[in-house]
4 protein chains.
Amino acid sequence: MIKVGIVGGTGYTGVELLRLLAQHPQAEVAVITSRSEAGVAVADMYPNLRGHYDGLAFSVPDSKALAACDVVFFATPHGVAHALAGELLAAGTKVIDLSADFRLQDATEWAKWYGQPHGAPELLKDAVYGLPEVNREKIRQARLIAVPGCYPTATQLGFLPLLEAGLADTSRLIADCKSGVSGAGRGAAVGSLFCEAGESMKAYAVKGHRHLPEISQGLRQAAGKDIGLTFVPHLTPMIRGIHSTLYATVTDTSVDLQALFEKRYADEPFVDVMPAGSHPETRSVRGANVCRIAVHRPQGGDLVVVLSVIDNLVKGASGQAVQNLNILFGLDERMGLSHAGLLP
Amino acid sequence: MIKVGIVGGTGYTGVELLRLLAQHPQAEVAVITSRSEAGVAVADMYPNLRGHYDGLAFSVPDSKALAACDVVFFATPHGVAHALAGELLAAGTKVIDLSADFRLQDATEWAKWYGQPHGAPELLKDAVYGLPEVNREKIRQARLIAVPGCYPTATQLGFLPLLEAGLADTSRLIADCKSGVSGAGRGAAVGSLFCEAGESMKAYAVKGHRHLPEISQGLRQAAGKDIGLTFVPHLTPMIRGIHSTLYATVTDTSVDLQALFEKRYADEPFVDVMPAGSHPETRSVRGANVCRIAVHRPQGGDLVVVLSVIDNLVKGASGQAVQNLNILFGLDERMGLSHAGLLP
Amino acid sequence: MIKVGIVGGTGYTGVELLRLLAQHPQAEVAVITSRSEAGVAVADMYPNLRGHYDGLAFSVPDSKALAACDVVFFATPHGVAHALAGELLAAGTKVIDLSADFRLQDATEWAKWYGQPHGAPELLKDAVYGLPEVNREKIRQARLIAVPGCYPTATQLGFLPLLEAGLADTSRLIADCKSGVSGAGRGAAVGSLFCEAGESMKAYAVKGHRHLPEISQGLRQAAGKDIGLTFVPHLTPMIRGIHSTLYATVTDTSVDLQALFEKRYADEPFVDVMPAGSHPETRSVRGANVCRIAVHRPQGGDLVVVLSVIDNLVKGASGQAVQNLNILFGLDERMGLSHAGLLP
Amino acid sequence: MIKVGIVGGTGYTGVELLRLLAQHPQAEVAVITSRSEAGVAVADMYPNLRGHYDGLAFSVPDSKALAACDVVFFATPHGVAHALAGELLAAGTKVIDLSADFRLQDATEWAKWYGQPHGAPELLKDAVYGLPEVNREKIRQARLIAVPGCYPTATQLGFLPLLEAGLADTSRLIADCKSGVSGAGRGAAVGSLFCEAGESMKAYAVKGHRHLPEISQGLRQAAGKDIGLTFVPHLTPMIRGIHSTLYATVTDTSVDLQALFEKRYADEPFVDVMPAGSHPETRSVRGANVCRIAVHRPQGGDLVVVLSVIDNLVKGASGQAVQNLNILFGLDERMGLSHAGLLP
């Protein structure tokens, strides 16, 4: 059994991690920390977990207890993993960070977007960006994994086949993305209230969103050159789900895009390229660690439209974290993640 | 492996059954029938199942193929199981019926509420009402199981401890029940449209709902005498979930109700009596085969309020059907049903 | 033109009051106060009001500016009107209080439920409970009006005909009530988040809710004697709407309840008794100052079920406040309130 | 009083038209037809209208009764206005058609997209496309008005300032649009069920949607040349609202876009250009006849992002129809349409 620690865990990625690990045959949560909820049983906070974590309570962060784990997940706001990861790594504990702390390889860029200095630039050389469809081999050898963000996961997986094949005009990529409200976390913010976010749709952060540099970094690597990306996120009145609608001009309209996408993801357990003409629904991946993709070329023009959906809390966060865990520990990559989405 | 057939299966209880059986280690779906969708792959109809049922397609009902199964589930409108169950039972196939066909033991009562003659009264003596918390031993020996309805499951489990203990004034029981829209099924009815059922609450069928005689039958057996029940169902703008708010006057206010409920369900794997003062949320059981109950006596009076929640498609239908399957075939009752609810 | 001041007004009852007054031909909002939002234009906070309140901004509360108004609405948390109403009344300004400060006639009872001493017991003798269907004549003469709460409005209007006629067993009244989330206000509370309140149903405050004494007070007056009430509120995943499902045993089953209800409300502009057998939907009153009621006696027994729906922000708060304004100033009671509900 | 007839009217644009006309001081609904609901009172079908249309019932279409009206609205599926408009026009009755029958000026194009021959090509020369912000003067003189579709209204109003100013690369316009479910109408279709459309997001008709040629026609006229448009509609889990996110490359980045948009719509009563940096929400226009627009140029590049929101049933259908009525009959264009949106 892999002994698991979780730092933070009172938020939505935390409870989702607990839900997924509860059915994982090889992992056991030994420690879960929360300063604010110390002493509270996890099942008292999250009644869906009653019967699954008897005796497990949030505890004050204690580096010794965490270092005694085989792996520690960070389900924390940014900055926390910067402060704690180094000590754990030094103790030989692997770190899987669901926050944004180690996603950008450029500490200066990180500081610019997060408005504070990077707290652990010396660890960046060890950080592997945990998108298995790109970095599976590096993940296998890693000790510090930066789990990709939700928008970046859906968007990169949708663009990758085009960029890797050198098929897109990389100067004018557009990602029009729609997220469920759980992407905003469990913080008590007015904008996330039922009566504010319900029955309404709006764009936000059009000026610039923190996921923009993360997506750009991945697309640049896939394209092998600089790219130009316009990223417009939208808040959508649903709890879970991200729908990325991606636009790119292709330089060669004779290529069979359906075949290209199917081939790219043929061996991927968690990317599902749907048949030509499909329109993936976010609900088809609710609760499941799957990215569903369809590729269109409307009216036979040179503009390609890729539709890419994930559950932001699963393939966009906690599920992908468990997928990384499986790779890291040499387990079947699908362990604990093979259930179907909850529909309806 | 238990060879499973499913009759019907294009509705919500059908897709939920497929979702649950996909992760059941001892059951395999061999046949699924639908006259209207014959030839369609189940994963084409329900994309959440893509990758889980490769090769399985709906087929025209064929009694030989069904009779070759160890067990056949009916996820059909009422009347269908009446017509087909007899032949399957004669062939030695077990039948687990999710419809209302065999829930009422009185064929005349059935005919009155369903507006047509009972189609198989001769099978009633063999039919076991599949509420494991009441009939576990009978289920073990059964060959024909009538899976309880959704309202009846939540309501009976909430009232049972009071009635079995002879504590309630049985003449004035009230069940004020709230159901998610999936309880109305996948039929294209105006009243189930997003724009009709969304952002609104209403009672319906106050005059009399088909689940009334089913609940009354169960409560009568628990009480050992006639009971008087007022049942008011409400349509609630959520997809899954039933919340039964139950009212009964107790004849002895000195009894420790919390202890009574905890004791009654101490050994039940799927009934969770919450701590005193709790308010169970339907989302805590979303996708899970659990009934969560809390018992209150507001202002210390003699009126007891029981709060009982289930997922109507799981403990209220397909999950309970799988629980019956497990009991019927001598498996661990929790097999394939031990996952936590999806929250948020 | 009636010169209107509003204290508070950043919450949902505040914006709703502004929406309604924007189309009121005889009222003009001169002052709106908010300490936290002072200087912010109301249309910047509430973009639905853009074009309707050019130039109106929140200001720091200033008793002189408020006292210069003909009437001041309080759309504040409890306690604020206690502190400020006296001075305004002394200046000859009328006060319409949407908070709970003057709803209970017994200051001790108030202190018990609100956990603090009553701040203005000397004003209670002047306070009129602003339920026009009961107190229209008193409202006409009043200078201080306590606008009823949302649950109390729907519940009292549903029970009144039975109690006034002496038809109900008053010892065992039950109000099973369902509220949209806007009833919890615009405060940034975790429980009101989209991802907490969405797609779920739960009861709350079963032990005792602050609207219980308010409802009991009204029912007691209607019945002319003590009453016993069990009140169970539920949080429902919709923005607006209250659905009260009321249960009472009638002492005489020969009375024509439909006729009784129709007669009681025949002259009421904002109470709509629906035809026998109806099930009112909350959406039918969305945005409208209407209470829709249906009365049932299921299975011909002696238990009466009354269904009563309102929009909690309109007939349950701001609309009723405007209705009181109209009565107070001798206007047509329907002025500014005659629009139909928004459906779908 | 203008005597109004409505053909069709059982759908969502019908009930919305009735809601708006109920508060219109100069219009009176004399006839409303529906073959399927003939004899049913409109308030029985739409309880939000109880008290507003006493005595008005759906009747079998009768051309004499309709021709006796000053104006007839068609709130019908396509094809119906083709069949009936000619006769009404011949009788001197004005026609305001909310369907798609007269929106495309090219009958062949219409036939291609609607899969049937155009039923009244001889009337096309008289048909005025009822977008007041473009065709106000023509509307004033018209006798047959084609009310624009919902997507076309939001999308054209967002693109117009750029195209009229000759600022955009017209070969690569993108409209990524999100619609509430009421856009699909009140028909009992599985895809519009609460449990299918709720808690999920999906694109649809990426291959080609009937609003594409309508939008293209308008943009072509604004640009004065051929344009290339990719239009991707999405189904969003809300009842009302359209959010168009529009992308265009500008050929001159020195132009002050905010000023351009503000100037273009300075005199428009129903187009609201929000301050720079804004993100309009669909809920801000719920129930209101307003299009709210914000214009962005993210990261200072040459790609412009326009955000444009409307209520699909109001400015996208019935409200715009009433706006046309007002223009047509020389009334204040805002008559009956000046109320604020319903928020929350």
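**Close-up views of a predicted four-chain model****View 1. Gly8(A) sits in strand S1 (residues 2–8) of chain A.** Helices and strands here are DSSP runs (helices H or I, at least four residues; strands E, at least two), numbered from the N terminus. The model is predicted: local features need pLDDT of at least 70, side-chain atom pairs count only at pLDDT 80 or more, and totals for chains, interfaces and linings use all residues. Residues are numbered from 1 along each chain as its sequence is written, while chains are lettered from A and ligands numbered from 1 in the order in which they are written. Gly8(A) is buried, with 23 other C-beta atoms within 10 Å. A residue counts as buried if 20 or more other C-beta atoms lie within 10 Å of its own, as exposed if 12 or fewer do, and as partly exposed in between; C-beta atoms are placed from the backbone. Leaving aside residues up to four places away in sequence, Gly8(A) touches Gly14(A), Ser34(A), Phe74(A), Ala75(A), Thr76(A) and Val80(A). Contact means that the C-beta atoms of two residues, placed from the backbone, lie within 7 Å. Phe58(A) is 50 residues from Gly8(A) in sequence, yet their C-alpha atoms are 8.8 Å apart.

**View 1. Chain A has eleven helices and 14 strands.** Its radius of gyration is 19 Å, close to the 20 Å that the globule rule gives for 344 residues, so chain A is as compact as a globular protein of that length. The radius is taken over C-alpha atoms, and the rule is 2.2 Å times the number of residues to the power 0.38. Along the principal axes, the C-alpha atoms of chain A fill a box of roughly 60 × 45 × 40 Å. Of the 344 residues in chain A, 60% are buried. Among contacts in chain A between residues at least 6 apart in sequence, 71% join residues at least 24 apart.

**View 2. Seven strands of chain C form an open sheet with mixed pairing.** The order is S9-S10-S8-S11-S14-S13-S12. Strands S9 (202–203) and S12 (271–273) of chain C are the edges, each pairing on one side only. Two strands pair if DSSP finds at least two bridges between them. S12(C) runs parallel to strand S13 (residues 291–296) of chain C, joined by three bridges. Here Val271(C) has Cys291(C) in S13(C) as its bridge partner.

**View 3. Helices H9 and H10 of chain C lie across strands.** Helix H10 (residues 257–264) of chain C lies across S12, S13 and S14 (303–310) of chain C, at about 160° to S13(C). Axes are lines fitted to C-alpha atoms, for helices over the stretch in contact; angles run from 0 to 180 degrees between N-to-C directions.

**View 4. Strand S14 (residues 303–310) of chain D is mostly covered.** Eight of its eight residues are buried. Leu303(D), Val305(D), Leu307(D) and Val309(D) point one way from S14(D). Val304(D), Val306(D), Ser308(D) and Ile310(D) point the other way. In a regular strand the side chains alternate between the two faces of the sheet. Strand S11 (residues 242–249) of chain D pairs with S14(D) in the antiparallel sense over eight bridges. Strand S13 (residues 291–296) of chain D also pairs with S14(D) in the antiparallel sense, over five bridges. Ser308(D) stands opposite Ser244(D) and is the bridge partner of Ile293(D). Six residues lie between the strands in the hairpin of S13(D) and S14(D), where Gln299(D) takes a positive phi near 55°.

**View 5. Chains D and C meet, with 26 residues from each in the contact.** Helix H1 (residues 12–22) of chain D gives the most to the side of chain D that touches chain C, with four residues. That side of chain D divides into twelve nonpolar, nine polar and five charged residues. Ala, Val, Leu, Ile, Met, Phe, Trp, Tyr, Cys and Pro count as nonpolar, Asp, Glu, Lys and Arg as charged, and the others, Gly among them, as polar. The same surface serves both copies: 100% of the contact residues of chain D recur in chain C.

**View 6. A rotation of 180° superposes chain A on chain D.** The shift along its axis is 0.0 Å and the RMSD 0.0 Å. The two copies are thus related as by a two-fold rotation axis. Superposition is by least squares on the C-alpha atoms of residues with pLDDT of at least 70 in both copies. Pro237(A) comes closest to the axis of the residues of chain A, at 3.1 Å (C-alpha). Of the interface residues of chain A, 100% are also interface residues in chain D, so the copies meet through the same surface.
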